[in-house]
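Here is a short walk through one structure.

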Amino acid sequence: MILSDQTIRQMLSEHSLVISPLTPEQIQPASVDVRLGNTFSVVEGRSSLGRLGLFIQNAGWVDPGFHGEITLELFNANRCAIKLQAGRRIGQLVFARMDRAAQSPYRGKYQGQRGATGSRVFLDEEL
């Protein structure tokens, strides 16, 4: 089940969901707009920006239990530059209610990250 704006506002007021910074205009009918921060590792979505050729992804879900800033990967598929400024609405988070609490909340290598964070794949213990 996707959470409505009413449920998102309720969870924010109860502090069962924390998003900071956040302005009321960022809350949409079934999502929250996320804004571009002011840290970048390399400068190389929203559908309005996607229509310009800017592809945005975060490589998966934001898992329950994650704390930190989300790092997005951006790719400009347009031949022209797209001006990006800190604070610009860049994408949306859609929240789904889980059927029960996660047995193993996120405790991975990106927990607590701040700013644009590069890959930490070197920490994987896979063979």
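Threonine 117 is in contact (heavy atoms within 4.5 Å) with Thr71 and Tyr110, leaving aside its neighbours within four places in sequence. This is a predicted model: local features need pLDDT of at least 70, side-chain atom pairs count only at pLDDT 80 or more, and totals for chains, interfaces and linings use all residues. Residues are numbered from 1 along each chain as its sequence is written, and side-chain values use heavy atoms, with hydrogens and water left out.

E5 belongs to a sheet. Strands here are DSSP runs of E, at least two residues, and helices are runs of H or I, at least four, both numbered from the N terminus. Two strands pair if DSSP finds at least two bridges between them. The open sheet has 3 strands in the order E1-E2-E5, with antiparallel pairing. Strand E1 (27-28) and strand E5 (89-93) each have a single partner strand, so one side of each lacks a neighbour in the sheet. Strand E2 (residues 31-35) is joined to E5 by 4 bridges. Arginine 35 stands opposite arginine 89 in E5.

Now the nonpolar cores. Such a core is a set of buried Ala, Val, Leu, Ile, Met, Phe, Trp, Tyr and Cys residues joined through side-chain atoms within 4.5 Å. The largest has 8 residues, including Leu3, Ile27 and Phe95. Helix H1 (residues 5-14) gives the largest share of this core, 3 residues. A second, separate core of 5 residues includes Leu36, Leu54, Ile82 and Ile90.

Definitions and conventions. Buried < 20%, exposed > 50% of the residue type's maximum accessible area, 1.4 Å probe, protein only.
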